[in-house]
Amino acid sequence: MKEFLSYLKPYKRDALMAVFCIEAETVFELIIPLVMASIVDVGVANGDRHYILMKGLQMVLFALISLVLGQGSAMFSARCGQGLGAEIRKAEFAKLQQFSFANTDHFSSSSLVTRLTSDVTTIQNSVATGMRPAFRSPVMMLTAMAASFYINPQLAMVFLVAAPVLGALLFFIISRVRPLYSVMQGAIDMVNRIIQENLTAIRVVKSYVRGDHEIQKFEEVNYNLQFTAEKAFRLAVLNMPAMQLVMYSTILCILWFGGRLVTIGGVKVGELTGFLSYVLQVLNSLMMFSNVFLMTTRALASWKRISEVMDEEIDIKGGRIQFPEGGAWRYPV
C-alpha cells in the first residue's frame, strides 16, 4: 500500500480536492430531506405559501451547490486516476528497461504488455470512478442513519436487520469473484500472446498456408477469455439485484409499520416522508459501497500482477551503460 500511495503523491492536491468536493456535496444532499420534511409538516400543514416558497428555493439552492461540487469531484477524481495510471506505467516501463534476459524469461512478452496496459487501466479506472462512492457512501450512510434514528428510533431498527444481510451477500459474492479476476487477466495474456506471435510471423504463416491453424488457436484462447469473463461478471452482477431485493424489502416493511404509526398518530406524514428519503440514501450508499468493493477486488488482482514485475530482483547489478558526449561506448565496471 505504501508503494501504491507513492505513485499518487504528485496528484495529492487533486486527491484532496476530490475528497473535499465529495464530502461537501454529500452534506448538502443530506440537508434536502430535512427541508422537505419541514415543508410538509409546517408549510403544507399551516397553509403558509411564503414558507413553502422560501424552503423550496432553499432546496433548489442546495441542489445547485451539490451539482457544482459533483462536477468538481468528477474533474479532480479523473485527474487523480489518470495521473496515477501514468505514474505506474512510467515506473513499470523503467523497471522493464533494467531487466536482464533471465528476468525477461520469467514473464512472457504478452503478459508484460498486459500488465503495462490492461492492468494499469483497471487500477486507474477504479480510482477515477471509485473515489466518489468510496468517500461519499460512508458519510452518507452514517449521517442518514443517525437522522433516521433521530426522526423515529422504532422504524430505524430495520437497519439492524438489513445491514447484516447486505454484508453477508457482499462477502459471498466477493469471495467467489476475486479469484476469477486474476484468471481473467491471465486469459487476456494468452490472447495477446497469440496475436503477437501471429503478427510477428505473419509471413511464415502465409507462406505455409497456416491461416486456418492460427485462427483455430486464436478461437481457443478467445473462447477461454470469454468463458472466464462471463463467469466472473455473472457473479459480480448478482450484487445489484441482491442489494435491490434487500432495499425494496426494507422499504415495504417501513411503509407497513410506518403507515400503521401514521394512523394512530405515532408519526407525522412529513416525518415518514423524510425518513423514507434517508432510508433510500442509506441503502443506496450501501449499494455504492458494495460496488466499490467489487472494483477494489479487481484492482487488487491487477496490482498484484504489477507488483510481481516491480518486485522482480534484477540479475545484473553492475549499473547502466553510459554514453559520453563523444559518442564512445563505456560499460560500467
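The points below treat salt bridges, cysteines, helix contacts and selected residues in turn.

The model is predicted. The structure holds 11 salt bridges and 0 disulfides. Two helix pairings involving helix α8 are described, one with helix α6 and one with helix α11.

- A network of salt bridges links Glu25, Glu29, Arg132 and Arg136.
- Within this group, glutamate 25 and arginine 136 form a salt bridge through their side chains, with an N to O distance of 3.7 Å. Because glutamate 25 belongs to helix α2 (residues 12–46) and arginine 136 to helix α6, this pair ties together parts that are 111 residues apart in sequence.
- Arginine 136 also forms a salt bridge with glutamate 29, where the closest N and O atoms are 2.3 Å apart. This second pair likewise links distant parts of the chain, with arginine 136 in helix α6 and glutamate 29 in helix α2, 107 residues apart.
- Are the partners of the 3.7 Å bridge buried or exposed? Glutamate 25 is buried, at a relative accessible area of 3%, and arginine 136 counts as buried at 7% relative accessibility.

- The side chains of arginine 305 and aspartate 119 form a salt bridge with an N to O distance of 2.8 Å.
- Arginine 305 is in helix α12 (residues 269–310) and aspartate 119 is in helix α6, so the bridge ties together parts that are 186 residues apart in sequence.
- Both arginine 305 and aspartate 119 are buried.
- Aspartate 119 is also one of the α6 residues that make the contact with α8.

**Cysteines**

- The count of disulfides is 0. A disulfide is a covalent bond between the sulfur atoms of two cysteines.
- For reference, the cut-off applied to a pair of cysteine sulfur atoms is 2.5 Å.
- Cysteine 21 counts as buried, with 7% relative accessibility, whereas cysteine 253 is partly exposed, with a relative accessible area of 35%.

- The axes of helix α6 (residues 118–151) and helix α8 (residues 159–200) come within 17 Å and cross at roughly 180°. The two helices are therefore roughly antiparallel to each other.
- On the α6 side the contact is made by Ser118, Asp119, Met145, Ser148 and Phe149, and on the α8 side by Phe159, Gln185 and Ile188. By class, these comprise 4 nonpolar, 3 polar and 1 charged residues.
- Helix α11 (residues 239–263) and α8 have axes that come within 10 Å and cross at roughly 170°. This pair is therefore also roughly antiparallel.
- The residues of α8 in this contact are Ala162, Val165, Leu166, Leu169, Leu170 and Ile173, and those of α11 are Asn239, Ala242, Met243, Val246 and Thr250. The contact has 9 nonpolar, 2 polar and no charged residues.

- Leucine 169 lies in helix α8 and is partly exposed, with a relative accessible area of 28%.
- Which residues does leucine 169 touch, not counting those up to four places away in sequence? The partners are Ala242 and Val246, both of which are among the α11 residues in the contact with α8.
- Leucine 169 and serine 290 are separated by 121 residues in sequence, and their C-alpha atoms are 9.7 Å apart in space.
- Threonine 297 lies in helix α12 and is buried, with a relative accessible area of 6%.
- Leaving aside neighbours within four places in sequence, threonine 297 is in contact with Ile174, Arg178 and Tyr181.

**Burial of helix α5**

- Helix α5 (residues 109–116) is mostly covered, as 6 of its 8 residues are buried.
- The buried residues of α5 are Ser110, Ser111, Leu112, Thr114, Arg115 and Leu116.

Note on methods: Residues are numbered from 1 along each chain as its sequence is written. This is a predicted model: local features need pLDDT of at least 70, side-chain atom pairs count only at pLDDT 80 or more; totals for chains, interfaces and linings use all residues. Side-chain values use heavy atoms; hydrogens and water are left out. Axes are lines fitted to C-alpha atoms, for helices over the stretch in contact, and angles run from 0 to 180 degrees between N-to-C directions. Helices (H or I, at least four residues) and strands (E, at least two) are DSSP runs, numbered from the N terminus. Angles under 35 degrees count as roughly parallel, over 145 as roughly antiparallel, 65 to 115 as roughly perpendicular and the rest as oblique. Contact means heavy atoms within 4.5 Å. Ala, Val, Leu, Ile, Met, Phe, Trp, Tyr, Cys and Pro count as nonpolar, Asp, Glu, Lys and Arg as charged, and the others, Gly among them, as polar. A salt bridge is a side-chain nitrogen of Lys or Arg within 4 Å of a carboxyl oxygen of Asp or Glu. Buried means under 20% relative accessible area, exposed over 50%, partly exposed in between (1.4 Å probe, protein chains only).
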